[in-house]
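Dear colleague,

Please find the structure below, handed over for your use. The findings follow directly after it.

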Amino acid sequence: MGFDMGIYRGRKDSDNKVAMTMEEFKKWVLRDLDADQDGKITKDELAEAVRRRGEWFAGLKARKEMRSADSNRNGVVDDIEITNLAEFAQKHLGIMFIP
Ligand SMILES: [Ca+2]
Ligand SMILES: [Ca+2]
């Protein structure tokens, strides 16, 4: 044991990846990410999800990237932008896609 101790002090990104399929991801988005259940993901909902993962800092950066996920600039990420959201989730929410 002893020699691993130091590594576990800081939580690494790679330690808590969640593997899911695209279908599961879509369900997860609607169930967990969409706090007010309106079928659209706002910047706040996304930032909250990042924060829940315990990365406060990443939350700020995520807000910027959220803007690029919103391709049609209507202020929310909806299901036509799910692929952008998937990319975002891989970067900031520790999600890994499996076929
Ligand atoms: Ca919502
Ligand atoms: Ca949009």
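A residue is called buried here if 20 or more other C-beta atoms lie within 10 Å of its own, exposed if 12 or fewer do, and partly exposed in between. Please note that this is a predicted model.

After H3 comes Gly 54, with a positive phi near 90 degrees.

Leu 46 also belongs to the largest nonpolar core, which has 14 residues; together with Leu 85, Leu 46 has the most contacts inside this core. Two or more residues of the core come from each of helix H2 (22–33), helix H3 (43–52), helix H4 (56–69) and helix H5 (82–92). Leaving aside residues up to four places away in sequence, Leu 46 touches Ile 41, Ala 62 and Met 66. As general background, nonpolar side chains tend to be buried together in soluble globular proteins.

A further position concerns the loop between H5 and strand S4 (95–97), where Gly 94 is located. Gly 94 has 17 other C-beta atoms within 10 Å and is therefore partly exposed. From C-alpha to C-alpha, Gly 94 and Ala 19 are 8.5 Å apart in space, while 75 residues apart in sequence.

With kind regards

Definitions and conventions. Residues are numbered from 1 along each chain as its sequence is written. Chains are lettered from A and ligands numbered from 1 in the order in which they are written. This is a predicted model: local features need pLDDT of at least 70, side-chain atom pairs count only at pLDDT 80 or more; totals for chains, interfaces and linings use all residues. A nonpolar core is a set of buried Ala, Val, Leu, Ile, Met, Phe, Trp, Tyr and Cys residues joined through C-beta atoms within 7 Å. Helices (H or I, at least four residues) and strands (E, at least two) are DSSP runs, numbered from the N terminus. Two residues are in contact if their C-beta atoms, placed from the backbone, lie within 7 Å.
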